[in-house]
Amino acid sequence: MSASTLILLVLGLGLAGWLVARSRAAMFRRAHGGKRIASLPNYHAWYAALWIVVPTLLFALIWAQIADNLVIQHVLASPAAADLPAFGMQRETMLAEARAVATGAAPGVFNPEAAALVEPFDEALTRYNIIGLVVTILIALAGGAWAFLRLKPDFRAHTRVERAVLGVLLIASLVAILTTLGIVASLVFETVRFFGMVNPIDFLTGVNWSPNPMTDGSNPDPERYGAVPLFWGTFFIGVVIAMIVAIPLGMMSAIYLNQYAAPRVRTWLKPALEVLAGVPTVVYGYFAALTIAPAIRDIAMSLGVQNPSSESALAAGLVMGVMIIPFVSSMADDSIAAVPQAMKDGSLAMGATQNETIKRVLVPAALPGIVAGIMLAISRAIGETMIVVMAASATARLSANPLEAMTTVTYQIVANLTGEASLDSASTLAAFALGFVLFLVTLVLNIIALRIVKRFREAYE
Amino acid sequence: MADIADSPLANQANKSLEHENIETGEPKMRARDVDVYYGQKKAIDSVDIDVYTEFVTAFIGPSGCGKSTFLRALNRMNDTIPSARVTGTIELDGEDIYASGMDVVQLRARVGMVFQKPNPFPKSIYDNIAYGPKIHGLADAKPDLDNIVEKSLRRAGLWEEVKDRLTDSGTALSGGQQQRLCIARAIAVDPEVILMDEPCSALDPIATAKIEELIDELRGRYGIVIVTHSMQQAARVSQRTAFFHLGNLVEYGHTSDIFTNPTEQRTQDYITGRYG
Ligand SMILES: Nc1ncnc2c1ncn2[C@@H]1O[C@H](COP(=O)(O)OP(=O)(O)OP(=O)(O)O)[C@@H](O)[C@H]1O
Ligand SMILES: [Mg+2]
C-alpha cells in the first residue's frame with residue numbers, strides 16, 4: 001500500500017471522527033434544550049479529528065522509516081539471500097531490482113540471480129504492509145475512542161483545539177530557526193574535524209594558502225592552510241574596493257532621490273535602482289569577467305603596468321560595489337526619510353541652504369541607519385560568491401595592489417568543495433572551516449546592524 | 001460691549017496698555033494685499049499687516065483660518081511646500097522679500113522661526129545653538145562662538161539650567177527647555193524678527209509662563225509675531241492683535257482694543273468663546 005493511500009485513509013478516518021463528534025456534540029445541545037454547551041460542536045469535531053489524525057500520522061512517519069529495514073531483514077534471512085554477493089554495488093543492485101519487481105515498478109529482473117529474491121520481497125512487503133495498516137487503524141480507533149469518551153456537554157474542546165493550533169504555529173516558526181541551527185551544527189562539526197588536522201592558530205594566522213587536494217588526505221601540512229590571504233582578499237575586494245564604489249554612489253543617489261528629485265523622476269528612478277538588486281549575481285559575474293576585467297587590464301597596460309592580471313581584484317570589487325549600491329541607497333533613503341520634517345524645517349528656518357541642511361542635520365540624524373545599511377551591505381559583499389568565482393582568481397595573494405589577482409573565502413569554499421578530493425580530506429574540510437568563519441563574521445555584522453537600526457527607530461518613536 | 005470690558009481678559013489687555021505710549025517708527029515688516037494659495041485653494045485672502053519691533057504681534061483665530069500659512073509667508077518657509085504660492089507684497093525694511101533678487105537664506109537668517117513642537121537637532125546643546133552662527137559665518141574663532149552660545153542661552157533664560165551640560169544632547173531636555181533652546185537657537189543668528197507658531201502649545205503652564213516672560217524681555221530688540229490659541233496668552237504678551245477668520249484678516253489693532261472693544265461681531269464672538 002502506498003503512502004498516499006495511507007494518508008487518504010487516515011484523513012478519511014479523521015473526517016469520520018469529525019462528523020461523529022460533531023453530531024454527538026449537537027446531541028448534547030438538543031438534550032440541554034438548545035442551551036449553550038461549553039464548546040461549539042465544531043470544536044468537539046476538531047478535537048476528535050485531531051486525536052485521530054495526529055497520532056496516526058506520527059505512527060505512519062515512524063513506520064515508514066522502520067518498515068524498510070524490517071523488509072530487508074526478512075529478505076536477507078530467506079534462504080535465497082545466501083547466494084548474494086557479500087558486499088558492494090552488485091548486492092545493492094540486486095536487492096533494488098528484486099524490490100522493483102515485487103512492488104510492480106519493473107516488469108522483470110535483469111540479473112537472473114535477483115529473480116529468487118522477488119518472492120521473499122513480495123512476502124515481506126505484504127506482511128509489513130498489513131501490519132502497518134492494522135496498527136494505523138488501531139491507533140486511529142484508539143485515538144478516536146479516547147477523544148469521543150471525553151466529549152461531554154461541559155467539555156471545553158475549544159481550549160484544546162486552541163492549544164493544538166498554537167503547537168502547529170510554533171512548529172512552523174521553529175522550522176526556519178531549526179534549519180539555521182542545523183546548518184550551524186553541521187558547519188561546526190566539520191570545522192572541528194578540520195581543526196583536528198590543522199591547528200586553528202595556523203589556519204587563522206598563516207599566510208600561505210596552497211592546499212593540495214590530491215595528496216593532503218587527512219594528514220595535511222598545516223603550513224599550507226594559512227587563510228590570511230583569503231581573508232585579506234575578501235576584505236580587499238568586498239569591503240575596500242566595493243565600498244569605495246557603493247558608499248558614495250549609494251549615499252548620493254539616496255540623497256538625490258530623497259531630497260532633490262521631483263516626484264515624477266523619483267517614481268521612475270527608484271524602481272530602476274532597485275532593479276540592480278534583482279539582477280542575478282551570475283550576470284554581474286559575466287559582466288565582471290568578460291567586460292570589466294579585460295577593460296581594466298587594457299587600461300593598465302596602456303598606462304605602462306607590466307603584466308597586469310586579467311583577474312584583477314579591481315574588476316570583481318568594482319562590479320560587486322555596483323551590485324551593493326541599492327542596499328546602501330535604500331537603507332540610507334529610508335533613514336533620511338525617517339528624520340522628522342520638523343528637523344529639516346528647523347534648519348531651513350535658520351537660513352541654512354538645502355545642502356547644509358542635508359549635510360549637517362539630515363545625514364547626521366540618519367547616520368545610525370546609514371551605518372547599519374552599510375554593515376548589511378558589507379555582509380552581503382563578503383558572502384557574495386558568484387561574482388568572485390567568475391571574476392576573481394584562484395591564486396591566494398597578500399597584496400594591496402588592486403590590479404593583482406586575489407582570491408576570496410567564498411571562491412576557495414567553492415573550489416575546495418567541488419574539487420577532486422574526497423569528502424573527508426583536509427582540503428574539503430577546509431571549506432567548512434572557511435564557511436564557519438564567514439558565517440560568524442556576517443552574523444556579527446548583522447546583529448550589530450540590527451541593534452543600531454532598532455536604537456535608531458526608538459529615537460524617533 | 002460692557003460685558004467684555006469687565007472680563008479678566010480685558011483686564012490683562014489693559015495692563016499691556018501701559019506699554020503702549022512708545023514711539024513707533026517705521027514698521028519692520030509690511031504686508032500688503034497678500035494672498036496665499038495651496039494649489040487652486042486660497043488659504044489667505046488679501047491680508048494687510050504691519051509688524052513693529054516695538055510690539056509683540058499676536059495672530060489669533062479658529063483652527064484652519066490660515067495663521068500658520070500667513071506666518072510662514074513672512075520668512076518664505078512656504079517655499080518648502082511645492083503647491084504653495086504667494087502673491088501681493090511683503091516687505092522687510094522696505095525691501096520686497098518675494099523679489100527675484102532676494103536671497104532666501106539671508107531672509108531666513110533675518111526672520112527666524114520657532115515651531116509649535118520643539119525641534120532641537122539631535123546634536124549637543126552647544127551645537128544646537130552654534131549651528132546658525134556657523135553656517136552664517138558669524139564667529140571666526142571658538143571663543144567668539146562660545147560667546148554667542150552663552151549670550152543666546154542667557155537671553156533665552158536657559159543658561160543657568162544648562163551651563164554645566166552643554167555637551168548633552170538637545171533632545172534630552174524637557175519640553176519647555178527644548179522650546180527655549182529653539183528660541184535661543186533662533187536668537188543666536190541675531191535675527192530682526194522672530195516668528196513663533198504656537199510656541200507654548202506643547203508645554204505646561206509653568207514652562208509657558210517662562211516663555212511668555214522671555215517674549216516680553218525680547219520685545220523691543222526683535223520684532224515678534226506669535227500665533228496662539230490662547231486668548232489669555234495673546235492678551236498677556238502682545239500689544240497688537242490680528243484676528244483671522246477663513247483666510248481673511250477680520251480685525252487688526254491694539255490688543256487692548258481688540259479685547260475690550262472689538263469693532264467686528266465675529267471678533268467679539270470668538271474672544272468671548274461664542275464662536276462655533
Ligand atoms: N501644505 C498644505 N497643503 C494644502 N493645504 C494646506 C496646507 N497647509 C495648510 N493648508 C490649508 O490651509 C488652510 C490654513 O491652514 P493653516 O495651517 O494656516 O491654519 P492655522 O490657522 O494655522 O490652523 P491651526 O490653528 O489649526 O494651526 C487650512 O484650510 C489648511 O487645510
Ligand atoms: Mg497653525
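A backbone N or O atom of Gly66(B) lies 3.0 Å from an oxygen atom of ligand 1. The structure is a predicted model, and the distances and areas reported here are computed from that model. Two side chains of chain B also approach oxygen atoms of the ligand. In Ser63(B), a side-chain N or O atom is 2.4 Å from an oxygen atom of ligand 1. In Lys67(B), the corresponding separation between a side-chain N or O atom and an oxygen atom of ligand 1 is 2.8 Å. Ligand 1 on its own exposes 630 Å², and 64% of that area is buried by the protein.

The shell around ligand 1 consists of 13 residues, of which Ser63(B), Gly64(B), Ser68(B), Thr69(B) and His229(B) come nearest. By residue class, the shell comprises four nonpolar, six polar and three charged residues. Two elements of chain B, β2 (41–51) and α3 (67–73), each give two or more residues to this shell. Helix α3(B) supplies the largest share, with three residues.

On chain A, a nonpolar surface patch is formed by Trp46(A), Leu50(A), Val54(A), Leu58(A), Leu61(A), Ile62(A) and Ile66(A). Together these residues have about 660 Å² of accessible area. One of them, Ile62(A), belongs to helix α2 of chain A, which covers residues 41–77. Ile62(A) has a relative accessible area of 52% and is therefore classed as exposed, the limit for that class being over 50%.

Another exposed residue of chain A is Lys454(A), with 54% relative accessibility. Lys454(A) is located in helix α15, residues 426–459 of chain A. Between Lys454(A) and Asn416(A) there are 38 residues of separation in sequence and 39 Å in space, taken from C-alpha to C-alpha.

Over all chains, the count of salt bridges is 26. In general, side chains of opposite charge can pair when their charged atoms come close. In chain A, a salt bridge joins the side chains of Arg193(A) and Glu190(A), with an N to O distance of 3.3 Å. Both residues lie in helix α5 (residues 157–197) of chain A, and because they are three residues apart there, about one helical turn separates them. The two partners fall into separate accessibility classes: Arg193(A) is partly exposed at 33% relative accessibility, whereas Glu190(A) is buried at 16%.

In chain B, Arg30(B) and Glu26(B) form a salt bridge in which the closest N and O atoms are 3.4 Å apart. Here Arg30(B) counts as partly exposed, with 27% relative accessibility, while Glu26(B) is exposed, at 63%.

A further salt bridge of chain B connects the side chains of Arg110(B) and Asp93(B), at 3.3 Å from N to O. This pair links distant parts of the chain, the two residues being 17 apart. Arg110(B) is in helix α4 (residues 104–110), and Asp93(B) is in the loop between β4 (84–92) and β5 (95–96). Both residues are partly exposed: the relative accessibility of Arg110(B) is 21%, and that of Asp93(B) is 44%. Arg110(B) and Asp93(B) also belong to a network, in which salt bridges with shared partners join them with Lys28(B), Glu95(B) and Glu192(B).

Thr208(B) is in helix α9, which spans residues 205–218. Its relative accessibility is 13%, so Thr208(B) counts as buried, given that the buried class lies under 20%. A polar atom of the Thr208(B) side chain is 2.8 Å from the backbone oxygen of Asp204(B). Arg240(B) is located in strand β9 (residues 240–245) of chain B and is likewise buried, with a relative accessible area of 10%. The side chain of Arg240(B) is in polar contact with the side chain of His254(B), at a distance of 3.4 Å.

Definitions and conventions: Residues are numbered from 1 along each chain as its sequence is written. Chains are lettered from A and ligands numbered from 1 in the order in which they are written. This is a predicted model: local features need pLDDT of at least 70, side-chain atom pairs count only at pLDDT 80 or more; totals for chains, interfaces and linings use all residues. Side-chain values use heavy atoms; hydrogens and water are left out. A residue is near a molecule or strand if one of its heavy atoms lies within 4 Å of it. A polar contact is a pair of N or O atoms within 3.5 Å; within protein, one must be able to donate a hydrogen and the other to accept it, and residues adjacent in sequence count only if both atoms are side-chain atoms. Accessible areas come from the Shrake-Rupley method with a 1.4 Å probe; for residues, only the protein chains shown count as cover. Helices (H or I, at least four residues) and strands (E, at least two) are DSSP runs, numbered from the N terminus. Ala, Val, Leu, Ile, Met, Phe, Trp, Tyr, Cys and Pro count as nonpolar, Asp, Glu, Lys and Arg as charged, and the others, Gly among them, as polar. Patches are made of residues with over 30% relative accessible area and no salt bridge: like charges are joined within 9 Å, nonpolar side chains (Val, Leu, Ile, Met, Phe, Trp, Tyr) within 5 Å. A salt bridge is a side-chain nitrogen of Lys or Arg within 4 Å of a carboxyl oxygen of Asp or Glu. Buried means under 20% relative accessible area, exposed over 50%, partly exposed in between (1.4 Å probe, protein chains only).
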